[in-house]
Amino acid sequence: MADIVMECKNLWKIYGKIVAVRDVSLEIKEGDIKLIFGPSGSGKSTLARCLAMLTTPTKGDVFLRGECLTRSGVNLNKARARIGFVFQHIWLFHHLTALGNVELGLRRVLKLPKKEARERAMQALREVKMEEWAHHYPAQLSGGQQQRVGIARALAKNPDITLLDEPTSALDPELTGEVIDTLRDLAKKGTTMLIISHEMPFAREVADEMIFFDEGTIVERGLPELFFTNPSSDRARRFMARLIKRTRRE
Amino acid sequence: MDFLVKYLPLILEGFLTTVQVTLFGVLMGLGLGILLAIGDLYGGKTISTIIKFYVEFFRGSPIIIQLFIFYFSIPTLLNMLIDPITVGFIVFGLNSAAYQKGYIKGAMESVYEDQMTAALSIGLSRVQAIMYVVLPQALRIVIPPWGNEFCSLTKSTAALLLIRIRDLTSAGVSIASWTWRVLETYSFIALIYLLWISIMMKILDILYNKVKIPGIEITA
């Protein structure tokens, strides 16, 4: 039985009258790849942000390797350093080169000496095949290249888990391909990931478990095959049908 | 304008005073302005209100009045004599900070949210995020308005003559009253201001282009 890396118990996030996340419990084990999908506005991103403690959950607990992050007095900066996060809209630091983006956390969070930080950052860029572009600024890169740098930035610190919030949905289909290739490489290496995505062929290939999310909560979960053959809930069935149709069109 | 030659040392001395007060004012204003902007953004309600009063006082009253208040009240209140030039340094620094705080805060807000979230996500603390991510970008944006601030501050230092400081304008006033060559004297003085400001604007322009982030045009 593999170790549980990240876990949330009865997690709620409420904004005023809007319930974004409703009583979600989830555990992710070492080497797991979980894939969350569902309609937009269903609270997937909010869930990911709560897990990374980028927003504070209203109720419930988040654990990283058994340590409760929702308790008061926890050093969240330290915890976040052990969680990789890849944003839908990428959000690289505009004023730093690709290398600078990856290096910043290594230098200032892990406090590595300059030379070592540089080597590790280059290594991370190599893994996403962006080594050649190390000295380019974000605005000089294509969206797909930027997102690969975003992935390198998240992974350079060897986080316990990496959360990816729709890493390809801001990219056109051609650029999506190169990011998906990168993610596939990571999956092969056994990286623990929680991915929010609607790339169904990719999901079927790499996910250990797929989670259908709607109205702030988990509607159905299971092996990818379940969703591709016979989802049990109506909502999931309808959503899958639409997604598969769209994928064929592309 | 030969008559001016013999007054050149006086003009030069006045010019150097003006330059000193201006440079000190904008630099102190920059440092304090950054602190005020950060305080206003993160300090909570009380600090934010105090900063608001501070800014309103220095933006909402004539700089001459501010000079008088400091020049006459400090010796009375603290029971100590104070050098007029020190008053000049302090007042122009505090005044410039009030204006610069607005520019800096605006620039910080424009880069703030996404970049802050991304910075936190890699494990930086808030302070580190401001230092390494938000401020480096905000300060680039602030360069053009900073040029305006420099320009207007330089000219308002003319008010220093009212607390008996020999700045460039005050040198001009003396020379004009001794020689009765009013037009020539003031034109010459104005030319010096113009040259000095133009040179500084050019330097800021070069700086702006040098630190520009490759690939994007920064708009203020």
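Trainee: Where is Asn230(A) found?

Mentor: Asn230(A) is in the loop that links helix H8 (224-229) and helix H9 (234-249) of chain A. Helices are DSSP runs of H or I with at least four residues, strands are runs of E with at least two, and both are numbered from the N terminus. Please note that this is a predicted model, in which local features need pLDDT of at least 70 and side-chain atom pairs count only at pLDDT 80 or more, while totals for chains, interfaces and linings use all residues. Residues are numbered from 1 along each chain as its sequence is written, and chains are lettered from A and ligands numbered from 1 in the order in which they are written.

Trainee: Why is Asn230(A) called exposed?

Mentor: The count is of other C-beta atoms, placed from the backbone, within 10 Å of the residue's own: 20 or more make it buried, 12 or fewer exposed, and anything in between partly exposed. Asn230(A) has 9 such atoms, so it is exposed.

Trainee: What class does Glu215(A) fall into, with its 14 C-beta neighbours?

Mentor: Glu215(A) has 14 neighbours inside 10 Å and therefore counts as partly exposed. This residue lies in the loop between strand S9 (209-214) and strand S10 (217-222) of chain A. Its phi is positive, about 50°, although Glu215(A) is not a glycine.

Trainee: What is the phi of Asn79(B), and how many C-beta neighbours does Asn79(B) have?

Mentor: Asn79(B), also a residue other than glycine, has a positive phi near 55°. Its neighbours inside 10 Å number 7, so Asn79(B) counts as exposed. Asn79(B) sits in the loop between helix H3 (63-78) and H4 of chain B.

Trainee: How do you know that chain A is as compact as a globular protein of its length?

Mentor: The radius of gyration is taken over C-alpha atoms, and the globule rule is 2.2 Å times the number of residues to the power 0.38. For 250 residues the rule gives 18 Å, and the radius of chain A is 18 Å, so chain A is as compact as a globular protein of that length. The secondary structure of chain A comes to nine helices and ten strands, and 48% of its residues are buried.

Trainee: How many helices and strands does chain B have?

Mentor: Chain B has seven helices and zero strands. Of its 220 residues, 33% count as buried, and its C-alpha atoms fill a box of roughly 70 × 50 × 25 Å along the principal axes.

Trainee: What makes the span of helix H2 (residues 44-60) of chain B agree with expectation?

Mentor: The expected span is 1.5 Å times one less than the number of residues. For the 17 residues of H2(B) this gives 24 Å, and the end C-alpha atoms are 24 Å apart, so the two agree. One of those residues is buried, so H2(B) lies largely in the open.

Trainee: Why are strand S2 (18-29) and strand S5 (67-68) of chain A said to stand at the edges?

Mentor: Two strands pair if DSSP finds at least two bridges between them. The open sheet of chain A has the order S2-S1-S4-S5, with antiparallel pairing. S2(A) and S5(A) each have a single partner strand, so one side of each is without a neighbour in the sheet. Strand S4 (residues 59-64) is joined to S5(A) by two bridges, and Leu64(A) has Glu67(A) as its bridge partner.

Trainee: Which residues touch the most other members of the largest nonpolar core?

Mentor: A nonpolar core is a set of buried Ala, Val, Leu, Ile, Met, Phe, Trp, Tyr and Cys residues joined through C-beta atoms within 7 Å. Leu125(A) and Ala152(A) touch the most other members of this core of 114 residues. Its largest share, 14 residues, comes from helix H4 (residues 84-121) of chain B.

Trainee: How many residues of each chain are in contact?

Mentor: Contact requires C-beta atoms, placed from the backbone, within 7 Å. By that test, 19 residues of chain A meet 19 residues of chain B. On the chain A side, helix H2 (76-81) and helix H3 (98-108) each supply at least two residues.

Definitions and conventions. Contact = placed C-beta atoms within 7 Å.
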